Amino acid sequence: MAIRNIVKEGDEVLRKVSKPVVRFDEKLWTLLDDMAQTMHEANGVGLAAPQVGILRRVVVIDVGEGVIELINPQVISSAGENVGTEGCLSIPGEWGIVARPEKAAVKAQDRDGNEIVVEGEGLLARALCHEIDHLEGKLFRDIAQRMLSAEELEQLEEQGSEE
Ligand code: NI
């Protein structure tokens, strides 16, 4: 496994639409392993392949319950609303207030190509939506109700996580 460089906002790769994965091979597995290690090392709760410069529909998430790997993920249902703070490993040091569904269900494939469904509430629902947005070239700043002020950031310093 290897830590990959996380692309920062301003790099065009973050604004492109990622392509579906068609080969579930060792190259994909290496990418997944590297992405999980990179996410953990950066203390993030999620990472999408474009954030390491790869325009493929691959996401890893870990909200503290183990790594979830999602290949070609699609939101198939969502419910409710959760307005909360959100960050991104590609936008370091900035946070915003973003409305996301309280619950979301995602259909995807696992690393072997088998179809899976992942259902999440709260932070997991937020992470699922945030990472899938990355695959469409969208960043949380685009939909944030507002970004947090310097004072609010200071209060947040000891908590929270980035996606
Ligand atoms: Ni992000």
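**Reading a sheet and its helices**

Biologist: How many bridges join S3 to strand S6, and which way do they run?

Modeller: There are 6 bridges between S3 and S6 (residues 103-109), and the two strands run antiparallel. Strands in a sheet pair through backbone hydrogen bonds, in a parallel or an antiparallel sense. Here, two strands count as paired if DSSP finds at least two bridges between them. Strands are DSSP runs of E with at least two residues, helices are runs of H or I with at least four, and both are numbered from the N terminus.

Biologist: What should I know about the model before going on?

Modeller: The model is predicted: local features need pLDDT of at least 70, side-chain atom pairs count only at pLDDT 80 or more, and totals for chains, interfaces and linings use all residues. Residues are numbered from 1 along each chain as its sequence is written, and side-chain values use heavy atoms, leaving out hydrogens and water.

Biologist: What is the order of the strands in the sheet?

Modeller: The order is S1-S2-S3-S6-S7. This is an open sheet of 5 strands with antiparallel pairing. S1 and S7 (115-121) stand at the edges with a single partner strand each, so one side of each has no neighbour in the sheet. From one strand to the next, the twist averages 35 degrees.

Biologist: Which residues stand opposite each other along the sheet?

Modeller: Start with S1 (residues 46-48). S1 joins S2 through 3 bridges, antiparallel. Leu-47 faces Val-60 of S2 there. Next, S2 (residues 58-61) joins S3 (residues 68-79) by 4 bridges, again antiparallel. Val-59 stands opposite Leu-70, and Val-58 has Ile-71 as its bridge partner. The S2-S3 hairpin has 6 residues between its strands, and Gly-64 in it takes a positive phi near 105 degrees. Then look at S6 and S7. They pair over 7 bridges in the antiparallel sense. Gln-109 stands opposite Glu-115 of S7.

Biologist: Which way do the residues of S2 point, and are they buried or exposed?

Modeller: Check the cut-offs before reading burial. Buried means under 20% relative accessible area, exposed over 50%, and partly exposed in between, with a 1.4 Å probe and protein chains only. Val-58 and Val-60 point one way from S2, Val-59 and Ile-61 point the other way, and all are buried.

Biologist: Which residues have the most contacts inside the largest nonpolar core?

Modeller: A nonpolar core is a set of buried Ala, Val, Leu, Ile, Met, Phe, Trp, Tyr and Cys residues joined through side-chain atoms within 4.5 Å. The largest has 14 residues, and Met-35, Leu-47 and Val-58 have the most contacts inside it. Helix H1 (26-41) and S2 each supply at least two of its residues. H1 gives the largest share, 5 residues. Another core lies apart from it, with 12 residues, including Val-106 and Leu-128.

Biologist: What does Leu-47 touch?

Modeller: Contact means heavy atoms within 4.5 Å. Leaving out residues up to four places away in sequence, Leu-47 touches a list that includes Ile-6, Met-35, Thr-38, Val-58 and Leu-89.

Biologist: Where does H1 lie, and at what angle to S2?

Modeller: For angles, axes are lines fitted to C-alpha atoms, for helices over the stretch in contact, and angles run from 0 to 180 degrees between N-to-C directions. H1 lies across S1, S2 and S3, at about 40 degrees to S2. H2 also packs on the sheet, touching S1, S2, S3, S6 and S7, and its direction makes about 125 degrees with that of S7.

Biologist: How many residues of H2 are buried?

Modeller: In H2 (residues 123-135), 12 of the 13 residues are buried. Among them are Leu-124, Cys-129 and His-134. H2 reaches 19 Å from first C-alpha to last, close to the 18 Å expected. The expected span is 1.5 Å times one less than the number of residues. Gly-137 follows H2, with a positive phi near 80 degrees.

Biologist: Why does Thr-38 count as buried?

Modeller: Thr-38 sits in H1, and it counts as buried because its relative accessibility is 1%. A polar contact is a pair of N or O atoms within 3.5 Å; within protein, one must be able to donate a hydrogen and the other to accept it, and residues adjacent in sequence count only if both atoms are side-chain atoms. A polar side-chain atom of Thr-38 lies 2.6 Å from the backbone oxygen of Asp-34. Beyond its neighbours within four places in sequence, Thr-38 is in contact with Ala-2, Ile-3, Arg-4, Ile-6 and Leu-47.
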